[in-house]
Structure formats: C-alpha cells, structure tokens
Amino acid sequence: METLSITAFAPPAQLGPLDISIQQRISTEIDNLIEQLPGVESLTSEERRGIIARYSAVLEGNFIYWMTATLIAVRSAESRDIITANLFEEVRDSHPLMMRRFALAAHAFPTDGDALAVDADLTKVRLFMGKLESVPSLVAMAFFEGFIQRFMEYLAGLAAAQGSTEMVYTDVHGVCDIEHTQGLLRAISVESTSNPASEKVDLFEGVELLHGLIQTIVQG
Ligand SMILES: [Fe+2]
C-alpha cells in the first residue's frame, strides 16, 4: 500500500509562497491525524465496526456533494477541468457503491446511531461548503483527498480484522487519490492567483472542520 505524503509530490508549476505554506499545513494536519489513529489490534470488534460505519456514513453521501460544491465555487477553467475529471471518475465508477459494498462486507453498514454520532460535525462541513468560497473549498478537498489516501491502509486493516476480504474501495483510493490530490494542489495554485480576494478569507476553515469530523469518525 502506498503511503506517500503529499509533500513528496512533484510540486505544481510556478509554486508561490502561499502554495507552499498551504501544502505544508495540509501535510502537517494529515500527519497529525494519522499519528493519532489507535492500533487496529488495540480496538474491540465493536470499536472497529464503529470507525468503518461512521467513515462510511460520511463518505458515501457527501464526497461527491462536496466536490460538486467546490466545482460550483471555482472560477478558473483549469480548476473546473481538474475537479470535473475527479467527479467523472467518482460517478462513472460509482465510488459510493464501492463504499457501500466495503461497509456491508465488513458488517459495518452505518446504523442510525452511527449517522447521528457524526451529525453535528458533518453539519458544520456542509454549511462551510455552502459558503462556496473557492480557495478554502479547494484547500479542504485537497486535505480530504490526501487524508483518505493515507487512511486507506488503516481502513483496510480494520475491515480485515472484521473478517472482510472486500478491498476494492481501499485499493482504488490508496492509488487514484494521489493523482486527485496533485490536481487539487494545482487548482489551489491557479485559483489563488486568479482570485486575489481569496486571501481575505480563512483558507483553513474547512480543513479544521474536516479535522474535527475525522476525529469524531475515529473516536465515536
Ligand atoms: Fe472516490
């Protein structure tokens, strides 16, 4: 399983100081979350089920929604092309179906309790995405893609410990999201140059909200 850090990627062309600081912050936030993950063997079966179920409750219905919000928010044609290519794969290959099969095979399809456990944090992210701020939305999605890619090995380990052998979701996302993260970093660079007003907003608001949501997914 690939566990490349996004800082190891070839940088987008014409990388400015803002792009570098955004990438460093994203990378630090992801490292922080990955380091905090409890060992798979230290968890009970119910705790492992809960993490898969809460992750699935968030990802299945929201990933395409948030990427679509980001598509609506961006202004440059290049950013739109990058996000459209990402959405094309999500829809053509039905990643929500992949997610559902993964959860079902691990006997971790989300219950109402799992959905409600993430409700408050999920609502905050939905409302943030509804603000349709191009650069903060792109920064949030770059962080999320980068996190997902690093999280896949752990998620696969949880499912395997629950007796599942259905690993299409984790196999696909451990690889393709490397490209997606790179594309989003490029879009941040293009968008922040073509939209100087973006410097006046909190670029990391979405990252902080997603960070909180992921902690709730993991801790319950
Ligand atoms: Fe996906």
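Two residues are taken to be in contact if their C-beta atoms, placed from the backbone, lie within 7 Å. The model examined here is predicted.

The chain contains nine helices and zero strands. Its order along the sequence is α-α-α-α-α-α-α-α-α. The C-alpha trace spans about 50 × 35 × 30 Å along its principal axes. The radius of gyration is 17 Å, which agrees with the value near 17 Å for a compact globule of 220 residues. Buried residues account for 43% of the 220. Of the contacts with a separation of 6 or more, 87% join residues 24 or more positions apart.

Helix α2 (residues 45-73) packs against helix α7 (residues 134-161). Their axes come within 11 Å and cross at roughly 155°. Angles over 145 degrees count as roughly antiparallel, so α2 is roughly antiparallel to α7. The crossing is left-handed. On the α2 side, the contact involves Arg-48, Ile-51, Ile-52, Tyr-55, Trp-66, Met-67, Ala-69, Thr-70 and Ala-73. These meet Ser-134, Ser-137, Leu-138, Met-141, Leu-155, Leu-158, Ala-159 and Ala-161 of α7. By class, the contact holds 13 nonpolar, three polar and one charged residues.

Helix α2 also packs with helix α9 (residues 205-219). The angle is about 145°, and the axes lie 7 Å apart. Ile-51, Arg-54, Tyr-55 and Val-58 of α2 make this contact with Leu-213, Ile-217 and Val-218 of α9. Six of the residues are nonpolar, none is polar and one is charged. Ile-51 and Tyr-55 of α2 take part in the contacts with both α7 and α9.

Methods: Residues are numbered from 1 along each chain as its sequence is written. This is a predicted model: local features need pLDDT of at least 70, side-chain atom pairs count only at pLDDT 80 or more; totals for chains, interfaces and linings use all residues. Axes are lines fitted to C-alpha atoms, for helices over the stretch in contact, and angles run from 0 to 180 degrees between N-to-C directions. Helices (H or I, at least four residues) and strands (E, at least two) are DSSP runs, numbered from the N terminus. Ala, Val, Leu, Ile, Met, Phe, Trp, Tyr, Cys and Pro count as nonpolar, Asp, Glu, Lys and Arg as charged, and the others, Gly among them, as polar. Angles under 35 degrees count as roughly parallel, over 145 as roughly antiparallel, 65 to 115 as roughly perpendicular and the rest as oblique. A crossing is left-handed if the near helix is turned anticlockwise from the far one by less than a right angle, and right-handed if clockwise. The radius of gyration is taken over C-alpha atoms; the globule rule is 2.2 Å times the number of residues to the power 0.38. A residue is buried if 20 or more other C-beta atoms lie within 10 Å of its own, exposed if 12 or fewer, and partly exposed in between; C-beta atoms are placed from the backbone.
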